[in-house]
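Trainee: Please pick one part of this model and take me through it closely. I would like to see how it connects to its surroundings.

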Amino acid sequence: MADAAVKEKPASAPETEQELTDGFHLIIDALKLNGVKTIYGVPGIPITDFGRMAQASGIRVLSFRHEQNAGYAASIAGFLTKQPGICLTVSAPGFLNGLTALAHATTNCFPMILISGSSEREIVDLQQGDYEEMDQLAIAKPLCKAAYRVLHAADIGIGIARAIRAAVSGRPGGVYLDLPAKLFGQVMPAEAGRKSLVKVIDAAPAQIPAPEAVKRAIDVLKSAKRPLIILGKGAAYAQADDAIRTLVEKTGIPFLPMSMAKGLLPDTHPQCAGAARSTVLKDSDTVMLIGARLNWLLSHGKGKAWGEAPKKFIQVDIEPKEMDSNVEIAAPVVGDIGSCVKALIDAMGSAPPKAPADWTAAVSAKREENVAKMAPRLMNNNVPMDYHGALGVLRSIVKERPDAILVNEGANALDLTRGIIDMYQPRKRIDVGTWGVMGVGMGYAIGAAIETAKPVLAIEGDSAFGFSGMEIETICRYRLPVCVVIFNNDGIYRGTDVNQGGGTDPATTVFVKGARYDKMIEAFGGVGVNATSPDELKRAVNAAMDSGKPTLINAVIDPGAGSESGRIGNLNPQSKLKKK
Ligand code: ADP
Ligand code: TZD
Ligand code: MG
């Protein structure tokens, strides 16, 4: 590091006996002081040397092929570790490429910091046409939780401290940190520089719920005849796994995991109502939300999906503004989930509210019925494969390898995987999240492999994969234990659409028929397999998971098997005019 410091000093630096430091080194020192071990990014002006020096200093710096994927990796690092994931981009276009991931982190309540180099303030503000000119701070602001710019080397310590605290405290989210090119080379005395650094103490302080709020929630639960607990990805994020299990098991209340909360308690747990989702939403009379919002994914807490009977909601969340966002919350419990769940358990003492037996029996019966209905479909050995045949084997593989991370995106490829593959451990399923965004796949796979050192299985629609497919080179370059299975049905939702205009262009939702995605990874030294039957798929995935070698499996799926938009076709607007 000292060698690099000498090299980076501007030629005009005054000759002096005093030891000096500069922006490059202060940023690295500030990040390391605060425990940052990994940076995800794409190099270029003005951050190329910064990346080199960070790598030299022992920080792991992973270079991607597109900033969006680096950003998604950083965002999921935040979800998995409760530490802000760091994404590093160049100015204007690189910054914009990273911005989607920053907004995604904010929307999903994942802590992340997008650090971007930027051009000369004086030129940008006069709009004189600098290299990669853009007022990045102004553009980032509405898309993240907080946005800061550092202009003086002496403020780097405080700037990074603010960014970290803003990302992880309260409701976690994305933070933008703007570092103009000039800052990196700014020199200051090393001793003053050291003193300017800030180690963030207790970055996400516990937020204890009020005892009255806890008592109110318990009273509501006590009066419930058909209670339900919904666990969201906030509950998974909180890493309060034992407390949540205790609460669920003490009360005997059926629980419904949202997608990324699957595995917080095993999907095979006797109280899991995942396979009886529509029944419990309709028939429950009291719902306790823990780290889940009543947004579109829960039909806003009202309407057909929730049935006719009046419902009372208890909501446990760190964000007070979330209460009453869509429906009245009878018992808001505001605080961090670890503290709230502990307070609930303590206040229940030896007389916890118990779910009535007729209700739990009804939920279990419905669940058994639905599981039994599904079972034979999962055992089919059809060629070409349908989703169920393919997912039947992947389901067994995940059961045998419960510590593997499952990445999942697509439409049918998402919805059917979520419904069919049981999860057994917390924070093992990561997917499209609150936006239902395509493109998280390879970024998530890389971030998860790096942060957890566990094998990763990515189940991807062929369209979904395309959004981040080039990162298979990154996966091969860093030799990550990632197995990508592409459910290749020749297109978006289905590969059977025809151009209704009758021209020679293909329909808007179809891709090249019979594409061989497996060949792509061979270009980078990875293992490619074309799998046409459930048996072939099973063999290929097991081999990949055993070897840990980067693998891409083209799973050939019947192009007619999927449905429009998977399970959310109802969200498509309909034309009232007759189709021509
Ligand atoms: P899902 O999509 O799984 O339903 P959401 O993303 O809608 O979950 O909801 C997550 C909720 O969890 C957010 O409202 C967020 O404020 C909350 N949250 C995140 N972390 C914590 C925490 N540590 N303590 C309490 N609430 C949290
Ligand atoms: N762009 C982005 C960034 N996110 C999106 N969600 C979409 C476009 C629209 N979209 C979906 O909602 S799912 C999907 C798109 C393009 C792809 C579905 O096709 P697939 O999955 O091949 O991934 P299936 O198995 O064919 O349904
Ligand atoms: Mg497809």
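Mentor: Start with Val-456, whose bridge partner in strand E17 is Val-482. The model is predicted; local features need pLDDT of at least 70, side-chain atom pairs count only at pLDDT 80 or more, and totals for chains, interfaces and linings use all residues. Residues are numbered from 1 along each chain as its sequence is written, chains are lettered from A and ligands numbered from 1 in the order written, and side-chain values use heavy atoms, without hydrogens and water.

Strand E17 covers residues 482-488 (strands are DSSP runs E of at least two residues, helices H or I of at least four, numbered from the N terminus). With strand E16, E17 pairs in the parallel sense over six bridges (pairing needs at least two DSSP bridges). Strand E16 itself spans residues 456-461. E17 also runs parallel to strand E19, and six bridges join these two. One of the contacts along that pairing can be named: Val-484 has Leu-552 in E19 as its bridge partner.

E17 is mostly covered, with seven of its seven residues buried (under 20% relative accessible area; exposed is over 50%, partly exposed in between; 1.4 Å probe, protein chains only). The cover is on both faces: Val-482, Val-484, Ile-486 and Asn-488 are buried on one side, and Cys-483, Val-485 and Phe-487 on the other.

H23 consists of residues 534-547. Pro-534, Leu-537, Ala-540, Val-541, Asn-542, Ala-544 and Met-545 are its buried residues. What covers them includes E17 along with E16, E19, strand E18 (527-531) and helix H17 (387-400). The length of H23 agrees with expectation: its 14 residues should span 20 Å at 1.5 Å a residue, and its end C-alpha atoms are 20 Å apart. Just after H23, Gly-548 takes a positive phi of about 70°.

The magnesium ion (ligand 3) is coordinated by Asp-462 through OD, Asn-489 through OD1 and Gly-491 through O, at distances of 2.0 to 2.1 Å (donors are N, O and S atoms within 2.8 Å of the metal, 3.2 Å for Na, K and Ca; water is not among the atoms, so sites may look incomplete). Along the chain these donors follow the spacing D-x26-N-x1-G.

One is an open sheet of five strands with parallel pairing, in the order E10-E9-E11-E12-E13. Its edge strands are E10 (255-257) and E13 (331-334), each pairing on one side only. The other is an open sheet of six strands, also paired in parallel, in the order E3-E2-E4-E5-E7-E6. E3 (60-63) and E6 (146-149) are the edge strands there.

Finally, confidence: the chain averages a pLDDT of 96, and 97% of the residues score at least 70 (pLDDT is the predictor's confidence in each residue, from 0 to 100).

Definitions and conventions. The expected span of a helix is 1.5 Å times one less than its number of residues. Contact means heavy atoms within 4.5 Å.
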